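Reader: I would like to learn how to read a model like this one. Please show me the structure and start with a single residue.

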Amino acid sequence: MPRFHVQEDLLVDYASGSLPRPVALLVAAHLSFCDQCRREVATYETIGGAYLETIDPIPMAADALEAALAGLGDGNARPRPAPSDAGDARLPLSSFVEGRIRENSWTRRARGIEEIEMIAEDDHFSASLLRIQPGVSIPNHTHTGEELTLVLQGGFTDSRGHYGPGDVCRADADISHGPVADSDGPCLCLVVADGPVKLTGLVGRMLSPFLKL
Amino acid sequence: MSLEEMIEAIARDQSRTAFAGLFAHFAPRLKSYIMRLGTDERTAEEVVQETMLMVWRKAASFDSRQAAASTWIFTIARNKRIDRIRRDNRPEFDPNDPSLTGPAPEPADQPVLRRQQDARLRTAITILPEEQAVLVRMAFFDDMSHREIASEKSLPLGTVKSRIRLALLRLRRELEDLE
């Protein structure tokens with residue numbers, strides 16, 4: 001069970017459907033690790049359902065039901081597609097994440113740090129996968145905007161503690177931290193940041209004030 | 001037949017009568033919900049049709065121990081609307097994901113509890129203080145993030161967050177009192 005969760009307002013916005021896609025991706029990934037947040041989202045969805053019951057209905061077109069019935073076809077049970085065979089890594093959101101890992105190659109961003117872009121900018125947010133080699137440290141840095149990092153595999157430590165699979169690390173302009181990847185294996189993270197992604201990529205942007213990349 | 005039983009009848013018997021019953025109840029509400037989010041009437045009807053088709057197809061995965069009919073259909077409509085306005089599918093939490101750390105199985109009396117919770121929630125929503133009710137409604141039904149609500153209402157982001165938080169705490173307490 002994760003120790004570091006996403007903030008409540010993100011769970012509300014996830015439940016109501018108003019999150020930018022990159023942030024929704026990160027929240028969905030956290031939910032796949034976190035029963036506590038799943039329950040919270042379920043509560044908010046119940047509130048959404050209750051609102052649906054109290055809303056003033058607007059009549060459908062006269063032939064709407066007829067059209068719906070005509071479109072049903074036979075039967076309703078569609079078998080779920082078998083889970084993809086993805087080798088060793090059972091990642092959350094397997095179809096979304098694994099598909100992109102298969103289709104894209106890793107781009108080196110710094111020594112021991114590689115990136116695959118998941119979602120280019122959408123509503124000012126972008127999402128990337130980062131693979132950080134064991135023991136690699138990212139120099140102490142601050143952020144220009146808000147950045148959320150979810151651990152998918154492995155882990156890292158910063159001044160606030162150790163982050164393992166499912167944990168979410170939140171950083172903004174007020175927080176200075178220098179994460180260090182665990183030494184016992186690569187750390188795979190989903191990073192969501194606001195603001196447009198520069199050509200240098202997320203880590204490049206993070207590192208640039210220090211390394212003059 | 002309750003709304004939940006109608007979904008179960010679709011799953012079990014492919015009952016078109018049950019589908020028609022669900023459609024009569026939910027389609028006009030879904031249309032209203034989707035139009036409130038700034039969608040034109042024709043598109044809203046299409047999203048409702050897609051939602052109800054998905055209800056038919058996914059009826060077998062509905063579990064009345066997990067959610068009331070209104071909650072389940074709300075989430076389908078929410079996702080269908082997002083699909084409509086966004087290029088790719090919404091990344092969705094997958095309850096069958098093998099990496100899930102398993103939740104404790106819910107007790108057998110859960111469906112009754114869910115329905116009680118729904119009823120309590122509907123009442124609780126109507127008696128929220130107006131300043132909270134407006135913000136919760138904007139968060140849930142006007143597709144606005146906390147940040148957007150803050151700018152729309154000319155309120156500090158912190159105030160919006162704390163008012164919505166208060167409202168949600170009240171609503172959640174209504175649910176927890178029953179657990």
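**Reading the model**

Author: Gln14(B) is partly exposed, with 17 other C-beta atoms within 10 Å. The cut-offs are these: buried means 20 or more other C-beta atoms within 10 Å of a residue's own, exposed means 12 or fewer, and partly exposed is in between, with C-beta atoms placed from the backbone. This is a predicted model, where local features need pLDDT of at least 70, side-chain atom pairs count only at pLDDT 80 or more, and totals for chains, interfaces and linings use all residues. Residues are numbered from 1 along each chain as its sequence is written, while chains are lettered from A and ligands numbered from 1 in the order in which they are written.

Reader: Where does Gln14(B) lie?

Author: Gln14(B) sits in the loop between helix 1 (3–13) and helix 2 of chain B. Helices (H or I, at least four residues) and strands (E, at least two) are DSSP runs, numbered from the N terminus. Gln14(B) is not a glycine, yet its phi is positive, about 50°.

Reader: Is Ser154(B) buried or exposed?

Author: Ser154(B) is exposed, with 6 other C-beta atoms within 10 Å. Its phi is positive too, near 50°.

Reader: How do strands of a sheet pair?

Author: They pair through backbone hydrogen bonds, either parallel or antiparallel. Here, an open sheet of three strands has the order 6-5-8 (chain A), paired antiparallel. Pairing requires at least two bridges found by DSSP between two strands. Strand 6 (161–163) and strand 8 (180–181) of chain A are at the edges with a single partner strand each, so one side of each lacks a neighbour in the sheet. Three bridges join strand 5 (residues 156–158) to strand 6 of chain A.
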